[in-house]
Amino acid sequence: MDTEVVKDTKQPIEIEVVFTGYWRDCDKDKMPEEAGIYVVYRSSYNERWNYISLKEIIYIGKAENVRERVANHEKLSLFKTKLKEGEELCYSFGEVEKDSLDIVENALIYAQKPEFNTELKDDYYFTCPGNEIKKNVATICRSLYKLYHLRCRQISISGIGISISLGKTKPSA
């Protein structure tokens with residue numbers, strides 16, 4: 001990854017990521033063909049209620065075409081080794097402009113520290129004006145993880161920190 005530091009300016013930097021749904025591994029070919037961030041989870045599926053129960057974030061990535069990237073991911077077999085009996089892989093997607101992919105990916109990996117991400121777990125390479133985003137991202141996400149166990153739906157990174165809204169865990173059509 002090319003590292004970049006966003007210089008302090010008078011205008012705050014704000015990036016909003018809205019995770020638009022969840023796709024089971026058998027439906028990953030229906031994911032959007034857009035630039036964005038994808039999250040890979042261990043999950044279980046309740047067919048009767050058409051409900052996904054998210055267990056753990058195991059990988060966070062970025063792509064200019066998320067559907068293609070997820071379909072051809074070189075770590076797919078590695079991801080599957082993490083699954084327990086009755087579990088399957090599940091994916092979420094948040095659309096992100098191509099020029100913001102690095103900063104959003106770095107913030108999420110730094111905050112969540114997924115097992116199969118090998119880089120970006122220990123360092124946040126970007127800065128935002130008037131903000132120690134490194135501390136804010138880690139503190140807020142750790143708290144939300146403990147309270148709500150991986151039900152992130154919307155994440156906003158701005159000059160004053162990061163905000164996360166929680167959503168349902170129903171699969172996308």
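A residue is called buried when its relative accessible area is under 20%, exposed when it is over 50%, and partly exposed in between (1.4 Å probe, protein chains only). Select S44: at 19% relative accessibility, S44 counts as buried. The model is predicted, so local features need pLDDT of at least 70 and side-chain atom pairs count only at pLDDT 80 or more, while totals for chains, interfaces and linings use all residues. Residues are numbered from 1 along each chain as its sequence is written, and side-chain values use heavy atoms, with hydrogens and water left out.

**Stop 1: around S44**

S44 belongs to strand β2, residues 36–46. Helices (H or I, at least four residues) and strands (E, at least two) are DSSP runs, numbered from the N terminus. Which residues does S44 contact, leaving aside neighbours within four places in sequence? Select Y51, I52, S53, K55 and G86. A contact here means heavy atoms within 4.5 Å.

**Stop 2: the whole chain**

Zoom out and colour by secondary structure. The chain has 4 helices and 6 strands, and from the N terminus the order is β-β-β-α-α-β-α-α-β-β. Of the 173 residues, 51% are buried. Take the contacts between residues at least 6 apart in sequence: 72% of them join residues at least 24 apart.

Now show the surface. The accessible surface of the chain is about 9,500 Å², and carbon and sulfur atoms account for 46% of it. Such areas come from the Shrake-Rupley method with a 1.4 Å probe; for residues, only the protein chains shown count as cover.

**Stop 3: the nonpolar cores**

Hide the surface and select I37, Y41, I60 and V104. These residues have the most contacts inside the largest nonpolar core, which has 20 residues. A nonpolar core is a set of buried Ala, Val, Leu, Ile, Met, Phe, Trp, Tyr and Cys residues joined through side-chain atoms within 4.5 Å. At least two residues of this core come from each of β1 (15–24), β2, β3 (51–63) and α3 (101–112). Which element supplies the largest share of this core? The element is α3, with 5 residues.

Centre on I60. Not counting residues up to four places away in sequence, I60 touches I37, Y38, V39, E105, L108, I109, Q112, P114 and N117. A second, separate core has 15 residues, among them Y38, Y59, V70 and Y91.

**Stop 4: two positive phi angles**

Most residues other than glycine have a negative phi. Select N50, which is in the loop between β2 and β3. N50 is not a glycine, yet its phi is positive, at about 50°. Its relative accessible area is 32%, so N50 is partly exposed.

Next, go to K113 in the loop between α3 and α4 (133–148). K113 also is not a glycine and has a positive phi of about 50°. With 38% relative accessibility, K113 counts as partly exposed.

**Stop 5: salt bridges**

Side chains of opposite charge can pair when their charged atoms come close. A salt bridge is a side-chain nitrogen of Lys or Arg within 4 Å of a carboxyl oxygen of Asp or Glu. How many salt bridges does a search of the whole structure find? The search finds 13.

Begin with R24 and E88, whose closest N and O atoms are 2.9 Å apart. R24 is in strand β1 and E88 in strand β4 (residues 88–95), so the pair ties together parts 64 residues apart in sequence. Are these two residues buried or exposed? Both R24 and E88 are buried.

Move to R67 and E33, a salt bridge with its closest N and O atoms 3.5 Å apart. R67 sits in helix α1 (residues 66–71) and E33 in the loop between β1 and β2, and the pair links parts of the chain 34 residues apart. R67 counts as partly exposed, at 27% relative accessibility, whereas E33 is exposed, at 52%.

Last, select E56 and R42, whose side chains form a salt bridge of 2.7 Å, N to O. E56 lies in strand β3 and R42 in strand β2, 14 residues apart. E56 is buried at 18% relative accessibility, and R42 is buried at 8%.
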